[in-house]
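My notes follow in the order in which I worked.

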Amino acid sequence: MTSLSPNPDQRPAPPKLRLTDEHFINRELSWLAFNNRVLDEATRTTLPVLERVKFLAITASNLDEFFMVRVGGLQLLREKGVRAKDVSGLTPSQQWEQIHQHASAFMARQYEILQQQLVPLLQEKGIRRLSVTDLTPARRTHLREYFAEHIYPVLSPVVVDDAGARAAIPALQIILLCTVSSEEAGNTGKRHVLLPLPANLPRHVTVPDQEGGQHLYVNLEDVVTLFIDEFFPSEKVSAPARFRVSRNTDITVDDESAFDLATEMEEVLEARLKSPAIRIEIESGASREHTRIIRELCGAKTAQIYDVPGELDLRAFFQIASISGFDELKVDTWESHLSTAITPGESIFDAIKRGDILLHHPYESFDPILALVEEAAADPNVIAIKQILYRTAKNSRIISALIRAAQAGKHVTVLVELKARFDEARNLERAADLINAGAQIIYGVAGLKTHAKVCLVMRRESGHMTRYMHFGTGNYNEATSKLYTDISVLTCRADFGADASSFFNTVTGRSRFVHFHKLSMAPYGLRERLLTLIHSEAERARQGEAAEIMLKMNALEDRKMIEALYDASQAGVKIRLNIRGICCLRPGLKGISENISVVSIIDRYLEHARIFWFRQGGKPAVFIASADFMNRNLSKRVELLTPVEDRESRKRLQHILEVHFADTARGRTLKSDGTWHTPHVTAAKQVRSQEQFAKETAKRARQANESPDVLVPHTPK
């Protein structure tokens, strides 16, 4: 720490500023702005049309989750009469109303982009959704046969008058509501019937293309509507209304008092199926009577209702984005390469012993992390494996390796986080597989969600125990590792190993927290360490020294962290923030945040890494973390902050940050009024950070292949 002796360049500490609501951006509105930035990519004319379609589908999936979680939580607060304001000064009811306003405008923009930009392009390229009027007799016959074999036996009509009608409205599925009346003489009665369309039926029914070279399809709801009379022979059926419901999933387990956490979580999952409706989407064209029935069935008094000007559930366009045979309409792939720090075919343990290995995914393959667990499972010298699992792949190689390790008699301890939202069911299932193999399973930490990314392997070498570790910013999920940008560190440093062992003892045995040598853990000291580093830079700036902070994360919402950054900015610290999503901080406010800039990057890969860099008088302190600057991460989750001590790795992380801040192709800058702006730079001078990282990684791999006996250093060229 710099001496605090008098300095002629020392700046006096400014008076403590009283921050008010206007100095913060509302979290929910900031998230909606993020989803708008994702939607911007669907309008980018330089992208192939199927890539643009993919971004449209991403925004729909994002919005579903937002309503189920965030709006669901706000709805509970409204119903309880809570009037407490957030940092931006809005009550739950005010937030709810502003969300409805912004979400309505957002959905209108989605469908405008779909119908005016994407559909014409898709049709031009031979990808067409057919309407009933487009069907030739041969196509209609094909669809009738498909309906009779694949759809009719599966669907189950439910009369609205039945007590089970409400239970027949599953979340996020398209449901048809029709009115059926008898044509028999003397019988004028009518009934309303629901037809839920199961999620396991294909949304798009392909139609043979006689001409060739086209992808023709009819939406499932159109096929059912076309042949809906088959369900009600000799009766008259009205044109059905189409709707979709989002339910509140902000229902959590009380794990403080739960005796059997697995059973409690199963009950929570069941409760979510019957939870209150939060959003009702009704496709335009529904009759007034059908709209009234839908509102009554779904409890529209507390739900937000949206009239949708097109087909429901735009998530289905993920299927269009991935159809085969149209590669020219997709982006060229960026190949993932094996780290040049690892010799092909060598033991991962030998590679780590040679020195710390930093990996930048997905440009560098996730395979070394898989190799660490898989090799450990088969190595007779490995005594124990300890692992945290939060979100895993469907057929996870990590879990398969842990099962093999347990079956081989190794001591395998796995902390499975059952509270990983939307992955609870999968985690329950895989936890059972691990238990059956003989692994020791811990279901999270009472009162906290375990979000840290760490794997510890203990290996006996020459009579001594060596600890090998992986620390990361992303999940142990080989599927998302190809889609998310993350940082991994592989090391066998003894002091890190001691900390890793203490960490597992703390979270699995609920031991009394002990201070680590290197690591910092939330909620026991991680926030405090970050605040100390920020305050240290502020003091250096007040002493007249050069002071700088670079932070990369997914979200910035925590008030204490924002206040510390505001204070550092007032002291003269240059602060650059790379934040993908939520940002409640306002940069560029006079007297508060003139020295803070914020950039958000939306590109092919989801930016997911957390990298924290502090100048520290010219000897930078660099960290990776599992945590964002959010109250939930710093106060309500088990997280890890890992210092990066290898000199070349620190340089490389600094380079990654600098390239992100220079991104003028996919970077947007946040203004003090909360709006985001794209830099106006000619195409020839644009910097696209993700593309640059892909090229740099490919260059290192090429150099390594040309000189296979020489390891290419990690330092960027």
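I began with the pairing of strand S13 and strand S14 (residues 440-442), which is parallel and runs over three bridges. The model is predicted, and I read the pairing with that in mind. Within this pair I found Thr413 opposite Gln440 of S14.

I then turned to the pairing of S13 with strand S12 (residues 382-389). These two strands are also joined in the parallel sense, here over six bridges.

Next I followed the chain from S12 to S13. Helix H11 (residues 397-407) belongs with these two strands to a β-α-β unit, and I recorded the unit as right-handed.

Is S13 mostly covered or mostly open? I looked up its residues, 411-416, and found the strand mostly covered, with five of the six buried, that is, under 20% relative accessible area.

**Pocket**

I moved on to the second largest pocket, for which I noted a volume of about 350 Å³. Which residues lie nearest its centre? I listed Ala199, Arg203, Asp313, Arg315 and Gln319, out of a lining of 17 residues. Helix H5 (220-226) and helix H8 (317-321) each contribute at least two residues to this lining.

Conventions. Residues are numbered from 1 along each chain as its sequence is written. This is a predicted model: local features need pLDDT of at least 70, side-chain atom pairs count only at pLDDT 80 or more; totals for chains, interfaces and linings use all residues. Side-chain values use heavy atoms; hydrogens and water are left out. Buried means under 20% relative accessible area, exposed over 50%, partly exposed in between (1.4 Å probe, protein chains only). Helices (H or I, at least four residues) and strands (E, at least two) are DSSP runs, numbered from the N terminus. Two strands pair if DSSP finds at least two bridges between them. A crossover is right-handed if, with the strands pointing away from the viewer, the path from the first strand over the helix to the second runs clockwise. On a 1 Å grid over the protein atoms alone, a cavity is a set of points where a 1.4 Å probe fits but cannot get out, and a pocket is an open set with protein on both sides within 12 Å along at least five of seven lines; lining residues have an atom within 4 Å of a point. Grid points are joined across faces, edges and corners, and a volume is the space filled by probe spheres set on the points.
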